[in-house]
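Hi there,

Here is the structure I promised to send over.

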Amino acid sequence: MLAIVPSATAPEPIEGDFLGKHIVSVGQFCRSDLDVLFDATSSLRTRVRQSDRGVAEIAKGSVMALLFFESSTRTDLSFQSAMRRLGGEVVGVSNGIRFSSAYKGEDLHDTIRAAGCYADVITLRHPVAGSCRLAARYLGRLDKKVGRRPILINAGDGVGEHPTQALLDLFTILDFKESLDNTCISMVGDLKHGRTVHSLARLVCAWGARGASLHLLSPPDLRMPPEVVEMCRASGVEVSEASRIDDRLRESGVIYWTRVQEERFENPADYEAIKDDFVMTPPLLRSCSPHTLLMHPLPRKHEMGTRADHDELDADDRSVFFQQMENGMFVRMALLAKVLSGAHV
Amino acid sequence: MLAIVPSATAPEPIEGDFLGKHIVSVGQFCRSDLDVLFDATSSLRTRVRQSDRGVAEIAKGSVMALLFFESSTRTDLSFQSAMRRLGGEVVGVSNGIRFSSAYKGEDLHDTIRAAGCYADVITLRHPVAGSCRLAARYLGRLDKKVGRRPILINAGDGVGEHPTQALLDLFTILDFKESLDNTCISMVGDLKHGRTVHSLARLVCAWGARGASLHLLSPPDLRMPPEVVEMCRASGVEVSEASRIDDRLRESGVIYWTRVQEERFENPADYEAIKDDFVMTPPLLRSCSPHTLLMHPLPRKHEMGTRADHDELDADDRSVFFQQMENGMFVRMALLAKVLSGAHV
Amino acid sequence: MLAIVPSATAPEPIEGDFLGKHIVSVGQFCRSDLDVLFDATSSLRTRVRQSDRGVAEIAKGSVMALLFFESSTRTDLSFQSAMRRLGGEVVGVSNGIRFSSAYKGEDLHDTIRAAGCYADVITLRHPVAGSCRLAARYLGRLDKKVGRRPILINAGDGVGEHPTQALLDLFTILDFKESLDNTCISMVGDLKHGRTVHSLARLVCAWGARGASLHLLSPPDLRMPPEVVEMCRASGVEVSEASRIDDRLRESGVIYWTRVQEERFENPADYEAIKDDFVMTPPLLRSCSPHTLLMHPLPRKHEMGTRADHDELDADDRSVFFQQMENGMFVRMALLAKVLSGAHV
């Protein structure tokens, strides 16, 4: 469905100027870009909570097309809500992309430009890594034809990146902790395939905290890729690894739990062998620091135990999954506001 | 997919205050609540017909999420149109909920809170009875996490309730008849499984008309549940039952026809045996009172005969299915306006 | 699913008055109607490019329902974007029409009226020819019931018509060529089943250019229907036919390329036998007039060669597929503005 993408085409850094830029990678953000984005996020959150009607003027007249070649309830609903709350419009494939020409054989090269002929910003989720870079490149070619420069936003491309997830995660940590200085973040689960933890690790490096560290817990075959670990160390972020629950996890400032995704395993037996290695339960949470944050990108299954366990975990003030989700909408609002209007919000 | 719900958690009565309340059952409405709601419905209908632009200010800045785990063309389109005409925004699952995590194993407990992190009101349709009460309960728990109190509206939960259908039915009867006093309402079809007729019967009791009566026509195995019949009698509503078309039906003020739903029968032979017991045809309608109203919640199939029969029935002024449908939009507008803003409309 | 439609019910001619009219056929448009529509199209295009906020007032308060019984990414997204940019609202079937009562056995006669109870304009795409005329007829019957006269717009009905595609095609030709006088338009591909080329041929006749001609290239079994050819000749449009690439094609002012649609062939061998008869490649385009326009309604597959061929063709200034697509949105904006408000735009 998609040709191999030359990885040479690096996305443009933000460097203080969001207006009109495609957002395809966390690598585009430096510390000061994150400061600007997170300030806008906090500001928009406050304004939404105060029912400030000016918010609905920010993206007025702009149209966002949603192209989700993979489903994702949270990313989907939060991008729609974000654009709507900014006063912008949203269009999508009426009967689901699964039944469209885009799914039945049309190249993404053409589908993305079709959407680009109608919309000002396109939010793309696609199972193939690199597809968002390719899409951004082809959208650029529309400029010579129709004088339009629609913006692409990566809403997850396979094992590639999911930059807005990492942004909302970092925003949430900072929202509760105020600083990453001397903070240990434990990441738990399938760290090999989990693009969320890769992207978050990169953002922690971009943030550049003093004394920040990562503690990586995974089954031995699902460890964080060495290049991510090396990048962290090169940035001055200390990294430790473990293959079972330990005291360092229990004492972490942040515990970032993830699901081991069955669909990534070729051999079901491999999945069965490790799926219960890391289960967050109420007794485990009780044994953790009273100052920790328990995070999870959701959806969750048995890696947080039973339905009753979920209820008990949710009742704990340290569990901030729902704040993470809501912040996802506000971070996306800030990002859309910045790329569409560049304005101070 | 859904845990058993303790039926103990009764929904909050309206008692004159709609603002912020979940709408899960017709049992929440007393006579004066219905008066308020139906006045608002009439008022909004007039204002829409006069293209009053103030209508589009009523829900401005509010976002509704639609979660339809079962399809329902009328309920779906009318809720969307209602929210849009009030100036509110609507978000939904881009590729259909069938392909989402919500469908593929995530608990409703979590899906509903995801939607609740982004939206101000959630319209839920679900095949499992009791799921709307459960959803409302879990939405309540979001308050402690994100300070949000999103509102749940039941758009049909299996064999449970479908309160907005019953509200639009009662509104339509009153719109044509002005009063239920001394009115006989015949309900025809599968009265055992039909949640619509259960809910309408309850609302008739809540309305409290003098001399109102119900005439219930069904195959012997598909009679109205005894607890509904008893409730009616306890409320002073006279109830008669029959298993074939009779003169009492022909002389009714209202004839509420329904479809015998094939999907409710475990044994196809049972369905075949009774499916033609009640068919509304032009000759039958001709034999009915000139003052009757013929109602049907639609969609309809052979229980109204052939396509040609449909055309002939539709041409009769006593057939008010289309008015029912349109009123559905106006009742939903009134309900959304009331729960979102509480305002006088 | 759909009864045979009496073809007797001809759609109402526009004759200078768009307000409230169903748009089901290109036959409704005479030259002066096209002038009015295309002026509005150009004007709206300019206003959108200048971010004129008055555009979003044109359809304010109006609701469009999309009923797409067949998928069509471009038609779908462009109608949605058109209505949104005019400030109107859009509603659709939440989980895709494939899972709705409309798909599972409800007659279109009823489904269309359900949508008509909630919406002001309905955009219908349906696999059965004639379904849009039928839908328009049944919508007319709503008037006596609910006092509503919703407008139907044909977004493609099987091998019937697809009027907005032909309108955008003619607009694009005129946009680049300014006049059709003495212009030869070559149409290439399956001219038997291609409703797009039938409708465009009719519009060329309605436009009434001096010295305009059509050159029709197709496999012998897939020639343009004789009645279309006769109509063209009766209108003074010269017609030539060929079954292979020739110099007349190369010298055409417009080359309208189309896909041979595999799904139209009962016998796959018949498709295989002719599918490579007409392939537009970069060498072929290089051999064509420097003043030609290369058009295609998209999506495209191998009839424009490989992915690399696509890239090379796209880079040629004579290729105007993307301008065609974007114009589709502007033509649909103009049409919606005219039927909904009749206003000068």
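Chain B puts 29 residues in contact with 30 residues of chain A, where contact means C-beta atoms, placed from the backbone, within 7 Å. On the chain B side, strand E1 (63–68), strand E2 (89–92), helix H3 (108–118) and helix H4 (131–146) each supply at least two residues; H3(B) gives the most, with seven. Helices (H or I, at least four residues) and strands (E, at least two) are DSSP runs, numbered from the N terminus. That side of chain B divides into 14 nonpolar, eight polar and seven charged residues (nonpolar: Ala, Val, Leu, Ile, Met, Phe, Trp, Tyr, Cys and Pro; charged: Asp, Glu, Lys and Arg; polar: the others, Gly among them).

A word on provenance: this is a predicted model, with local features needing pLDDT of at least 70 and side-chain atom pairs counting only at pLDDT 80 or more, while totals for chains, interfaces and linings use all residues. Residues are numbered from 1 along each chain as its sequence is written, and chains are lettered from A and ligands numbered from 1 in the order in which they are written.

Next, chains B and C. H12 (residues 321–341) of chain B packs against H3 (residues 108–118) of chain C at about 40 degrees, with axes 8 Å apart (lines fitted to C-alpha atoms over the stretch in contact, angles from 0 to 180 degrees between N-to-C directions). Phe322(B), Met325(B), Glu326(B) and Met329(B) meet Arg113(C), Ala114(C), Cys117(C) and Tyr118(C) there.

Best wishes

Technical notes. Two residues are in contact if their C-beta atoms, placed from the backbone, lie within 7 Å.
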